[in-house]
Amino acid sequence: MKSTVSSDTEIVGISLIIKRKLRFIHKAAKSDKNVLILGETGTGKDLTAKKIHELSNRRDKPFVAINCTDIPGELFEAELFGYVRGSFTGAVKDKLGLLEVARNGTIFFDEIGDLSLNLQAKILRMIEKRELRRIGETTVRKIYARFIFATNKNLQEEVKAGRFRKDLYYRINVIKFYIPPLKERKEDIPLLVDHILRKDRKEGEPKKVIYNETLKILMAYDFPGNIRELENIVERACILSEGNIVTEKDIKLDCDSKYCRKTMNITPEQLIKTLENCRWNKTRAASKMGKSRRQFYRLLEKHKMSDLIKRNCHL
Ligand SMILES: Nc1ncnc2c1ncn2[C@@H]1O[C@H](COP(=O)(O)OP(=O)(O)OP(=O)(O)O)[C@@H](O)[C@H]1O
Ligand SMILES: [Mg+2]
């Protein structure tokens, strides 16, 4: 839910899209306006938010990431605004909210499109007034943090469907950037693979090598899970590879691809375990398994687990 920026925020790629993205990041870092980052799962929205913070004047201040799907609705306000002891059952001591933890740093609302209409109203008020009140307290405090938002949903569609407030959409959509999927910028794949192999290298060991023939397999694949899926595939290939060379047989793609050799042989038990570990957050569970949300839903359907998910996922 909360994080500080790690040193690894290198953005790799040679495509025009990546060049455009870097220009956007520099512009957004100079400004203090609200930023909205859009894109499918695994396209690099988190990374973009962190990079904007890192290049901004706020770089020495906290970067606080809030995954809006992670915090149960009834706890959201307490987490965000903080509370004083005794203000509700279970409030055994004072707690600082994340908005105050962020101080004059950056606060990143991830998966903003998943927030309930009720909480959207509260967020809107908070952004407009730039003020907060800890639960159980009357003092109004100023908010100094800068806001960045991200979602993999089409917010315009969500607004049309009545699931996302129009006024909130306009409020957060001051500087917007859409990150296209990896399949639209395949020229980035070789550099990304090299980057992943470098990151994955064990201390004292040389970096693994991948030949062009093997790269071709990756270039032909569509990566529904985008760069996160590419990372998983390359990291898995490194584990499977013998010696220093990653070969074709080490590359295991998902079954959408003509290169696929492996079916989705994940068991229901594995699915439940992963979901439990991710507190029934489907996006996180999917990403942990190296699947796109679509693939993950297909897996749930295959194992007839949709009802179980409905029962648990509001938790
Ligand atoms: N251009 C890039 N260069 C290097 N690494 C990248 C790039 N884009 C994304 N990544 C890496 O891909 C992984 C997924 O990126 P990230 O978590 O930012 O995606 P996301 O869009 O937030 O995904 P989700 O919607 O599932 O939350 C991360 O490990 C990130 O560092
Ligand atoms: Mg993310």
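Is P190 buried, exposed or partly exposed? I counted 16 other C-beta atoms within 10 Å of P190, so it is partly exposed. My cut-offs: 20 or more other C-beta atoms within 10 Å means buried, 12 or fewer means exposed, in between means partly exposed, with C-beta atoms placed from the backbone.

Ground rules before I go on. This is a predicted model, so I ask for pLDDT of at least 70 for local features and 80 or more for side-chain atom pairs, while totals for chains, interfaces and linings use all residues. Residues are numbered from 1 along each chain as its sequence is written, and chains are lettered from A and ligands numbered from 1 in the order in which they are written.

**Entry: overall fold**

I find 14 helices and 11 strands in the protein chain. These are DSSP runs numbered from the N terminus: H or I of at least four residues for helices, E of at least two for strands. The C-alpha atoms fill a box of roughly 65 × 45 × 45 Å along the principal axes.

Of the 315 residues, 32% count as buried. I also looked at contacts between residues at least 6 apart in sequence: 74% of them join residues at least 24 apart. Contact here means C-beta atoms, placed from the backbone, within 7 Å.

**Entry: domains**

The assignment gives domain 1 (16-180), domain 2 (183-250) and domain 3 (268-312). Such bounds come from an automatic or database domain assignment. The C-alpha centres of domains 1 and 3 lie 26 Å apart. Where they meet, 5 residues of domain 1 are in contact with 6 residues of domain 3. The domain 1 side of that meeting has no nonpolar, 3 polar and 2 charged residues. For classes I count Ala, Val, Leu, Ile, Met, Phe, Trp, Tyr, Cys and Pro as nonpolar, Asp, Glu, Lys and Arg as charged, and the others, Gly among them, as polar.

**Entry: around ligand 1**

How many residues surround ligand 1? I get 20, and the closest are T41, G44, K45, D46 and I227. To be near, a residue needs its C-beta atom, placed from the backbone, within 6 Å of the molecule. By class the shell has 6 nonpolar, 10 polar and 4 charged residues. Domain 1 and domain 2 each give the shell at least three residues. Among the helices, α2 (45-55), α8 (189-200), α10 (226-240) and α12 (282-288) each supply at least two.

P190 sits in α8. Its C-alpha is 9.4 Å from that of K216, 26 residues away in sequence.

**Entry: cores**

The largest nonpolar core has 37 residues, and I37, L99, I107, F108 and F149 have the most contacts inside it. A core is a set of buried Ala, Val, Leu, Ile, Met, Phe, Trp, Tyr and Cys residues joined through C-beta atoms within 7 Å. A second, separate core of 15 residues includes V193, I233, V234 and V246.

**Entry: positive phi**

F223 counts as buried because it has 24 C-beta neighbours inside 10 Å. R279 also has a positive phi, near 50°, in the loop between α11 (268-277) and α12. With 15 C-beta neighbours inside 10 Å, R279 counts as partly exposed.

**Entry: pairs apart in sequence**

E213 lies in α9 and counts as exposed, with 9 C-beta neighbours inside 10 Å. Its C-alpha is 7.7 Å from that of E248, 35 residues along the chain.

I309 is in α14 (306-312) and is partly exposed, with 16 C-beta neighbours inside 10 Å. From I309 to W280, 29 residues apart along the chain, the C-alpha separation is 7.8 Å.

Definitions and conventions
Two residues are in contact if their C-beta atoms, placed from the backbone, lie within 7 Å.
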